[in-house]
Amino acid sequence: MYNIVGAGLAGSMLAKDFDNKGIEYRIFDARLEFSASIISENLFSDTWLKDVSYIKNSLDFIHNNYKVEKRLFVNKNIKKELYHLPIPEVLKQDYIKEKVIKATKEGVQTEEKFYKGKNIICAGFLAKKLFNLPYLDALTGHGFFIKKQIEEDYINTYRPYTHEKLMNWHNNLVWYGDSTAIKHNNYMKKRKNYIKNSIKRLKQLGINKYEKIVYGARPMNTQNTRQGMLVKINNNNIVMNGGWKDGLVIYPYLISKIYKML
């Protein structure tokens, strides 16, 4: 029995592949603030990743397993097709809602009980805490859900490495995403100012009311931002995470490699 810790993109995609192969597993997620299991924009384009060797296999995995939407984005009057994968289509919902506090050579310990099995840690913050991984960090951001329809989605780059997005999401909501590339510790120090600036930009778009603000984190492998992180800690613990640069497209590639470690 495998214990998948984290029901964000990495853990949920691995669970999907285990489902396809008939492999038994449990999946855990405590849905903590800044958890990938709460929010992910799930935007990708084959042109963004044209130099990545695994792009075709990853796209095949995504298209074969999930409902992918084509979206038209406008950036400074340039129209471009991107893919959007609605997060409810990806994330596992039938997880064990318990916080894992320890990963051992026999299994995982939650605040409630011990679960015996081999562990695959897909929760970014937790993986770093459990194993003191030197190259795993996180970028943090926030976004707003809005009850309003917009005529045209767009993505705008208004400062280096940060994208402002306004798009028709799902469940009759509009998503306004902002400040998506700030290291977590730095973000927390200036969180109020970042949110204040986002609300100001939102008002400039003519939107004065939002339903709620949502926080998210994107784990990254600072040693190699294009390859994600796949590390065998010991015979019973593997870490799979760090999909910052390539986002959800990195995980099918890492999943294909993980079987050699199991």
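Two strands are said to pair if DSSP finds at least two bridges between them. Helices (H or I, at least four residues) and strands (E, at least two) are themselves DSSP runs, numbered from the N terminus.

Good morning, colleagues. The structure under discussion is a predicted model, in which local features need pLDDT of at least 70, side-chain atom pairs count only at pLDDT 80 or more, and totals for chains, interfaces and linings use all residues. Residues are numbered from 1 along each chain as its sequence is written, and side-chain values use heavy atoms, with hydrogens and water left out.

I begin with the sheet. Three strands form an open sheet in the order E6-E7-E8, paired antiparallel. E6 and strand E8 (114-116) stand at the edges with a single partner strand each, so one side of each has no neighbour in the sheet. E7 and E8 are joined by three bridges, and Gly-107 stands opposite Lys-116 in E8.

Next, the loop between strand E6 (100-103) and strand E7 (107-110), where Thr-104 is found. Beyond four places in sequence, the contacts of Thr-104 (heavy atoms within 4.5 Å) are Phe-114, Asn-119, Asn-236 and Asn-237.

Finally, I turn to Ser-12, in helix H1 (residues 9-21). Ser-12 is buried, with a relative accessible area of 1%. The side chain of Ser-12 reaches the backbone oxygen of Ala-7 at 3.0 Å. Val-90 is 78 residues away along the chain, yet the C-alpha atoms of Ser-12 and Val-90 are separated by 6.7 Å.

Technical notes. Buried means under 20% relative accessible area, exposed over 50%, partly exposed in between (1.4 Å probe, protein chains only). A polar contact is a pair of N or O atoms within 3.5 Å; within protein, one must be able to donate a hydrogen and the other to accept it, and residues adjacent in sequence count only if both atoms are side-chain atoms.
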